[in-house]
Amino acid sequence: MITTHTFRTAALAALPALATAHAAPVISTLGPLRNRVMPRLAGRGRPDHVALTFDDGPDHLSTPHFLRLLEARRIRATFFLLGSMAVRSPGLVREMAAAGHEIAVHGHHHRPLLLRGPRATYDDLARARDTVADLTGRPLTLFRPPYGVMTTAAHLTCRRLGLTPVLWTAWGRDWRHRATPASVHDTVVRDLDGGGTILLHDSDCTSATGSWRSTLGALPRILDTCAERGFEVGRLRDHGWPSRGAGPLAPDRSPAVVRPQPQRPSTFL
């Protein structure tokens, strides 16, 4: 006969194993390991292309500056939106989609998934997906977790919701108070190579106040460096995929992604 005490003892004994299973995907936060053994999760694409992605928007104060710069450079990017930010600027979300940028999901609230159970994880991602899809009128296929930390619950939720998680191969560490345009550029290009995915932020809602200005200041130089190295820059959907071209990262046959040409630094600040 199984007593209440026996059940509780067994449940407590199982907790460490459950916690380990929940947190196991956190290993993917190790950039070098992810890039080497998890290329799909890292956002690896065709070797002549670089995917440009932004997190944490849309922000009516900062995102329009990025949109104008990208329009001037004839570049389309992928924006991972927070549902809580999207509902504040619905017109901006529609403007981004109408301009040809790829809209993706960053969750509804920017909270670590490690602190959420399966139900809370599902509710947050589903809410964000539905909120943003309703604004754009288009289905969403890509997801990037807050802080880049995946969990087992997040992987299972993505499978249920038809989302593909994508992280990055190069980032600018642009959320820091001490970030500058030069530091953001240099940090990105240090790990930049063909087929990589760049992570930047078009909003400071979870970063140091005003940090987006450093990102904006670095962006023209980053695009110039990509052009000098012979890389096209575009959305994840244009990125291609080396493994038989299957899934949401398959090549997009819509109007061409333009290879950026070096220009003088723009003054969008």
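Here are some worked exercises on the predicted model shown above.

Before starting, note that residues are numbered from 1 along each chain as its sequence is written. Because the model is predicted, local features need pLDDT of at least 70 and side-chain atom pairs count only at pLDDT 80 or more, while totals for chains, interfaces and linings use all residues; side-chain values use heavy atoms, with hydrogens and water left out.

**Exercise 1. The overall picture**

Task: find how many helices and strands the protein has, and what percentage of its residues is buried.

Solution: Start with the secondary structure, where helices (H or I, at least four residues) and strands (E, at least two) are DSSP runs numbered from the N terminus. The protein has 10 helices and 8 strands. Next comes burial: buried means under 20% relative accessible area, exposed over 50%, and partly exposed in between, using a 1.4 Å probe and protein chains only. Of the 269 residues, 52% are buried. Finally, turn to contacts, meaning heavy atoms within 4.5 Å. Among contacts with a separation of 6 or more, 77% join residues 24 or more positions apart.

**Exercise 2. The nonpolar core**

Task: which residues have the most contacts inside the largest nonpolar core, and which helix gives the most to this core?

Solution: A nonpolar core is a set of buried Ala, Val, Leu, Ile, Met, Phe, Trp, Tyr and Cys residues joined through side-chain atoms within 4.5 Å. The largest one has 48 residues, and Leu52, Phe54, Phe79, Ile198, Leu200 and Leu219 have the most contacts inside it. Helix H10 (residues 212-228) gives the most to this core, with 7 residues. Another core, of 6 residues, lies apart from it and includes Ala51, Phe80, Ala104 and Val166. Now look at Leu52: leaving aside neighbours within four places in sequence, its contacts include Leu70, Ile75, Ile198, Leu200, Leu219 and Val233. As background, nonpolar side chains tend to be buried together in soluble globular proteins.

**Exercise 3. Two helices side by side**

Task: what is the angle at which the axes of H4 and H10 cross, and which residues make the contact?

Solution: Axes are lines fitted to C-alpha atoms, for helices over the stretch in contact, and angles run from 0 to 180 degrees between N-to-C directions. The axes of H4 (residues 63-73) and H10 come within 11 Å and cross at roughly 10 degrees. Angles under 35 degrees count as roughly parallel, over 145 as roughly antiparallel, 65 to 115 as roughly perpendicular and the rest as oblique, so H4 is roughly parallel to H10. From H4, the contact uses His65, Phe66, Leu69, Leu70 and Arg73. From H10, it uses Trp212, Thr215, Leu216, Leu219, Pro220, Leu223 and Asp224.

**Exercise 4. One face of H8**

Task: which residues of H8 are buried, and where do they fall around the helix axis?

Solution: In H8 (residues 152-161), the buried residues are Ala153, Ala154, Thr157, Cys158 and Leu161. Seen down the axis, these residues fall within an arc of 135 degrees, so they line one face of H8. The arc is that of the directions from the helix axis to the C-beta atoms. Just after H8, Gly162 takes a positive phi of about 75 degrees.

**Exercise 5. Backbone geometry**

Task: which peptide bond is cis, and is Asp56 buried or exposed?

Solution: For context, most residues other than glycine have a negative phi, and most peptide bonds are trans. The bond from Gly57 to Pro58 is cis, with omega near 0 degrees. Pro58 sits in the loop between strand E1 (49-57) and H4. Asp56 is found in strand E1 and has a positive phi, near 80 degrees. With a relative accessible area of 1%, Asp56 is buried. Arg74 also has a positive phi, of about 60 degrees, but at 59% relative accessible area Arg74 is exposed. The place of Arg74 is the loop between H4 and strand E2 (78-81).

**Exercise 6. A histidine in a loop**

Task: what does His110 touch beyond its sequence neighbours?

Solution: At 16% relative accessibility, His110 counts as buried. Not counting residues up to four places away in sequence, His110 touches Asp56, Leu82, Pro146, Tyr147 and Thr206. His110 and Pro145 are 35 residues apart in sequence and 8.4 Å apart in space, C-alpha to C-alpha.
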